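Colleague: I am new to this structure. Could you walk me through its sheets, helices and chain contact?

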Amino acid sequence: MSRKFLETESPTWVEKGIITAEQQERLLGLYPPDEKAIGLLPLLGSLLVGLSALSLVAANWQGLPETLRLGILLSSLAGSYAAGEHFLRRGNYSLGIGLVGLGLILFGSAIILVSQMYQLIGYDVTGLVAWAVAATGLTYLYRSRALFLMTVVISCIVQGYNTGQLGAFSYATAAFTALSLGYYWWRNPDSLIGTVLSVGLLWQAGLLVSFLHIKITWFFVGAMLIYTLGDWQTDRPAGRSMQGPPIAAAFLFMLGLAIFGEAGSYTDMLRPPLLAYLAALGAVFALSLVAKRKRGRLGGATDWLLLLPGFYLPGGLPLAIAALIVLYAYTGTLLWRAHQEQNPDRVTLGTVLFILTTAVAYFKLTWGFMDKSLFFLLGGILLLGLSWYLQRRAAQTLASESTDKPAR
Amino acid sequence: MATPLPQNHRRWVLLLVAAQMLFILAVAAAGYATTAYGRVVTLRTLPVDPRDLLYGDYVRLNYTISQLPIALWQETTLPRRRQAVYVVLRPAGEAYEAVRVYLQEPTELPPDQIVLRGWIEDRYRRSLHIRYNLERYYVPEGKGKELERKGRQHIMLVRVSIAPWGQARITETQVLP
């Protein structure tokens, strides 16, 4: 409870005789006013001094002798790590980690600035990989979520630069990121870092697919491998957070196929050799099923309905319809499971996705055949009816959930 | 999240920070080593429009070896954008010119030839546009204004050191009258 809330509400409580004025005083005494705002002033002051020093150096950077430039880079690097360590020891956690993060950013910029200073050309990503490795080391040393996030972003930048500028893919960087950060997430299960790591790994998988010039649907073999990691995680929230991004990617892809699949112009980018693709995806599916069985969550296997390879149907209407069937299979089972589990968040999510799918299906299947105003009228009625029905189901579920609770 | 830090935490922090500082020093050392052990190759730039010349603190350069006829391509597969390539150079007058382009580094070369690494930027019907990452020349103190003053269209000779291990850097530039 915040002091502000107490200050505004407690006079009414005294008035209504719920608490006495003395009790009000004692309650307020429990929440002393925040002293933090005063501590901000010196911080802002030193920030301004730091900025002025930075602009002075930046303005004269080219004019400074090389050794001096090197010295400035090295000492500011060491300085910010030392300051970070100092504040951590004094118990000021966020400021300390912030300064360690600054040191990490300085390390990356120093690598770039020094190679620029000597006109050195980067032929491989060794320099930037060193940055990612240092970031991982710091994450383990300080056990900090903020540093974990920075490490994921840095390894994404390194791989993006590698494929974009150097025309290569660093398998070592990808494996190092997946193993070191994956192990960290495995031992320190957490929802936020799970989601971030999942997105970072999806990015690496996407870059690999574009680098190898293979069919884009191979991406989902990698994505579902990431999803399967979430199945093996014993901590449920951390596992689900790892699975969110791959499922979202698969859903959006199918939705895109349903909307634009008819064009058919890019359908040749979709179809890898059938047997190889199904074998690879099937192997991942088996791994996922084993894990789901082990953790007693076999119901979650319906997520895999999104991966039904409807894109092997010929382009045009059949492809769009196949994509819609896949979407309906997924959202339908999602809703059904949500009602069974009586999970209100899931019910909302399932409802939204189901209505979205219906809107796309209706638009897709009737636009060509119907008079436009009739189209809008019927579409509106269909969606209104559907949302009314789903809302009712949701309300029923929640009502039965509250009556199910043991009466006290 | 105030988890207690491990016992020998301070030693590990020191080690990690020292490693980072050493790495930066190693990058600087690589710069000096490339000049010390590298073979110097002179490249000729194409005329540069002085209005485009100075971008903040660097000069944008376009070399004669940036645009190569497709006939120099030695591979059976078609060149693809963003592929890394090895360009073989040979002295021709005051500057070096390209003679062949490979996907893999060629092992046997005549003594007067040398390999420079690059990337395919674009592929046209009759030519390849190659990027060497030598296109940005970071101007040392005060030189930018001097380059700018030369005005009109002019050609530059750029000396590049290529180390035996493949690393390259610009060591000197000279504006032709």
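**A tour by question and answer**

Modeller: Let's start with an open sheet of chain B, where five strands run in the order E4-E8-E7-E5-E6 with antiparallel pairing. Strands are DSSP runs (E, at least two residues; helices are H or I, at least four), numbered from the N terminus, and two strands pair if DSSP finds at least two bridges between them. This is a predicted model, in which local features need pLDDT of at least 70 and side-chain atom pairs count only at pLDDT 80 or more, while totals for chains, interfaces and linings use all residues. Residues are numbered from 1 along each chain as its sequence is written, chains are lettered from A and ligands numbered from 1 in the order in which they are written, and side-chain values use heavy atoms, with hydrogens and water left out.

Colleague: In E7(B), which residue is the bridge partner of Val88(B)?

Modeller: Look at strand E5 (residues 84-92) and strand E7 (residues 114-123) of chain B, which pair in the antiparallel sense over six bridges. In E7(B), the partner of Val88(B) is Val115(B).

Colleague: At what angle does helix H1 of chain B run to E11(B)?

Modeller: Chain B also has an open antiparallel sheet of three strands, in the order E1-E10-E11. Helix H1 (residues 9-37) lies across these strands of chain B. Angles run from 0 to 180 degrees between N-to-C directions, with axes fitted to C-alpha atoms, for helices over the stretch in contact (heavy atoms within 4.5 Å). Helix H1 of chain B runs to E11(B) at about 65°.

Colleague: How many charged residues has the contact of H11(A) with H13(A)?

Modeller: The axes of helix H11 (residues 236-260) and helix H13 (residues 317-341) of chain A come within 8 Å and cross at roughly 145°. Among the residues that meet are Phe251(A) and Met254(A) in H11(A), and Leu324(A) and Tyr330(A) in H13(A). Asp, Glu, Lys and Arg count as charged, Ala, Val, Leu, Ile, Met, Phe, Trp, Tyr, Cys and Pro as nonpolar, and the others, Gly among them, as polar. The contact has 13 nonpolar residues, one polar and, for charged ones, none.

Colleague: What is the area buried between chain A and chain B?

Modeller: The contact takes 41 residues from chain A and 42 residues from chain B. Buried area is the accessible area (1.4 Å probe) that two parts lose on being put together, summed over both. Carbon and sulfur atoms give 64% of the area between these chains, which is about 3900 Å².
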